[in-house]
Amino acid sequence: MLAVNQSLRQLGEFLLAPACVLCGAEQDVRNNLCPGCAQDLPWNRNPCPRCANPLPRTDSPLCAECLKRFPRFDSACAPLLYQDTVQRLVRDLKFHGRLVNASALSAQIRAGLGAAARPDLIIPVPLHRSRLRQRGFNQATELIRPIAQALRIPLEGHICQRVRVTCEQTRLNGAARRRNLRDAFRVSEQLDGARVAIFDDVMTTGATANELTRALKRAGAATVHAWCVARA
């Protein structure tokens, strides 16, 4: 039933005339964004190379948090900031099933990856089965699927499971987020020496990426790189 509902949404959006998802323009639209709206997105122009947190100065090697303690993941890529139009696009995708927004956001992720090292596999951050049943799709999978296909990197959506129902992270501070996610993920296969990219829609404190990285490295992953649409 979930697959049928998702397919019907995608078919309905496909039959509509291509238009910019932000301003509705129908001229020069590419990946559901017009050039003007794409240019006006809040770009993360000076990210910390380790966690993608925006740096206050171009001469800063790392952000203050990473200088105090490195995250568990080895690097991060977040081409956009979770502000304004990006926040709207992500929320409409997640909570209102606007799957057409995934195309617009995926194009920006692909551009933001640039020459970043390519992993052996990509793992979308999993939803608990109860939330997946409620939402009908995993937004992380919808966002990263076209990129995995274009880069010819395996997208592994079944290696890792979220085994605990967790509270919405947006309601919690950093320490509470870490407690909320403790042992929330289980990896069902050995990943001996694999270079893994994990993908989520938004990174806020990095707690989700840290906990998933912990589980993946316990399963033998050599490196874990955190990719997302936007950094909060």
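1. Contact here means heavy atoms within 4.5 Å. On that basis His128 is in contact with a run of Arg162, Val163, Arg164 and Val165, leaving aside its neighbours within four places in sequence. Bear in mind that this is a predicted model.

2. Where does His128 lie? You'll find it in the loop between β3 (121–124) and α6 (129–135).

3. Next, have a look at Ile198, which sits in strand β6 (residues 195–203). With a relative accessibility of 2%, Ile198 counts as buried. Not counting residues up to four places away in sequence, Ile198 touches Ile123, Ala209, Leu212, Thr213, Leu216, Val224, His225, Ala226 and Trp227.

4. On to the packing. The largest nonpolar core has 37 residues, and the ones with the most contacts inside it are Leu22, Leu33, Val86, Ile122, Phe199, Trp227 and Val229. Two or more residues each come from α2 (35–39), α4 (84–96), α5 (100–113), α7 (139–151), β6 and β7 (223–231).

5. Apart from that core lies another, of 34 residues, with Ala76, Ile123, Phe185 and Leu216 among them. Ile123 and Leu216 also turn up among the residues that Ile198 touches.

6. Back in the largest core, what does Val86 touch? Its partners are Leu41, Pro42, Leu80, Leu81, Val229 and Ala230, again not counting residues up to four places away in sequence. Val229, like Val86, is listed with the most contacts inside that core.

Conventions: Residues numbered from 1 in each chain as written. Predicted model: local features only at pLDDT ≥ 70, side-chain atom pairs only at ≥ 80, totals over all residues. Heavy atoms only, no water. Helix = DSSP H or I, 4+ residues; strand = E, 2+ residues; numbered from the N terminus. Buried < 20%, exposed > 50% of the residue type's maximum accessible area, 1.4 Å probe, protein only. Core = buried A, V, L, I, M, F, W, Y, C linked by side-chain atoms within 4.5 Å.
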